[in-house]
Amino acid sequence: TPAEAVAPASLACAEPLPRRGGIQLDMLNLLRHAPWRRSLRVRFGLWTAGLLLFVLTGLYLFVYGSMRQGLFQNLDSSLRAHALEASTNLEAGNGPLIVTDDPRGPDSLAGMAAEGYSLRVIGADGVVLQAIGPFQDAALPEGGLEAALSGTEVLRNQELPSGQTVRTFVVPITRDGDVVGVVQVSKSVETIVVALNRLQRTLLA
């Protein structure tokens, strides 16, 4: 009959239509495995790794910089104290520019030399009048004599011909308002370099 002939055609048209639930499941699977999702995870991982590297680098620079600054500040304070003590000793007298020594004192010349400090007393004409310590042959930093004779304290690193680096502090000697010479105190920075290298290995381990 005509009705029976139409029915199969209607069923044939209805069978290919997918179920709504199947479409949603396929869409979810497509979104879950989409390339942009993998790209987003990669970007997030790289961003996290970059942030961690930035924080660790900042921490390393802070610790290393603070340690270095503290070590050099302690050395500079010690150099300055020895130099000012010697210049005060010389300014108090009217005799030759020779530092008088109390061997029993805590800051005796022998004690300074034993701790690695060198002291030199230099006249206004550049002649060395007194020298003690392991670096007593170390010349003044370039321009150091002129600067100290003008009343300026000088603090500088020096590389010696032996390849060793010393920290040098130079102060003027004043008598009756006139600068008559300078005091130079030096000490090697080797112990600081060793300490900083050890810290660097620890931080990077």
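1. **Surface and burial.** In this predicted model, the chain exposes about 13,500 Å², and carbon and sulfur atoms account for 62% of that area. Of the 205 residues of the chain, 30% count as buried.

2. **Confidence.** The mean pLDDT of the chain is 80, with 76% of its residues at 70 or more. Residues 1-20 have a pLDDT below 50, and this stretch makes 1 contact in the model beyond near neighbours in sequence. Where pLDDT is low, predicted coordinates should not be read in detail.

3. **Order of elements.** The chain contains 6 helices and 5 strands. Read from the N terminus, the elements follow the order α-α-α-α-β-β-α-β-β-β-α. Of the contacts between residues at least 6 apart in sequence, 52% connect residues at least 24 apart.

4. **Largest nonpolar core.** This core comprises 22 residues, and Leu90, Val99, Leu119, Val121, Val183 and Val185 have the most contacts inside it. At least two core residues come from each of the following: helix H3 (35-91), helix H4 (109-114), strand E1 (117-123), strand E4 (165-175), strand E5 (178-188) and helix H6 (190-204). The most is given by H3, with 6 residues.

5. **Surroundings of Leu119.** Leaving aside residues up to four places away in sequence, Leu119 touches Ala86, Val99, Met112, Gln130, Ala131, Ile132, Val183, Gln184 and Val185.

6. **Pairing of E3 and E4.** Strand E3 (residues 154-159) runs antiparallel to E4, and 6 bridges join the two. One of the residues concerned is Arg156, whose bridge partner in E4 is Thr168. The hairpin of E3 and E4 has 5 residues between the strands, and Gly163 in this hairpin takes a positive phi near 95°.

7. **Backbone at Asp176.** Which residue has a positive phi although it is not a glycine? Asp176 does, with a value of about 55°. Most residues other than glycine have a negative phi. Asp176 is placed in the loop between E4 and E5. Asp176 counts as exposed because its relative accessible area, 78%, lies over the 50% cut-off.

Terms used
Residues numbered from 1 in each chain as written. Predicted model: local features only at pLDDT ≥ 70, side-chain atom pairs only at ≥ 80, totals over all residues. Heavy atoms only, no water. Core = buried A, V, L, I, M, F, W, Y, C linked by side-chain atoms within 4.5 Å. Buried < 20%, exposed > 50% of the residue type's maximum accessible area, 1.4 Å probe, protein only. Helix = DSSP H or I, 4+ residues; strand = E, 2+ residues; numbered from the N terminus. Contact = heavy atoms within 4.5 Å. Areas by Shrake-Rupley, 256 points an atom, 1.4 Å probe, with all protein chains shown as cover. pLDDT = per-residue confidence, 0-100. Pairing = 2+ DSSP bridges.
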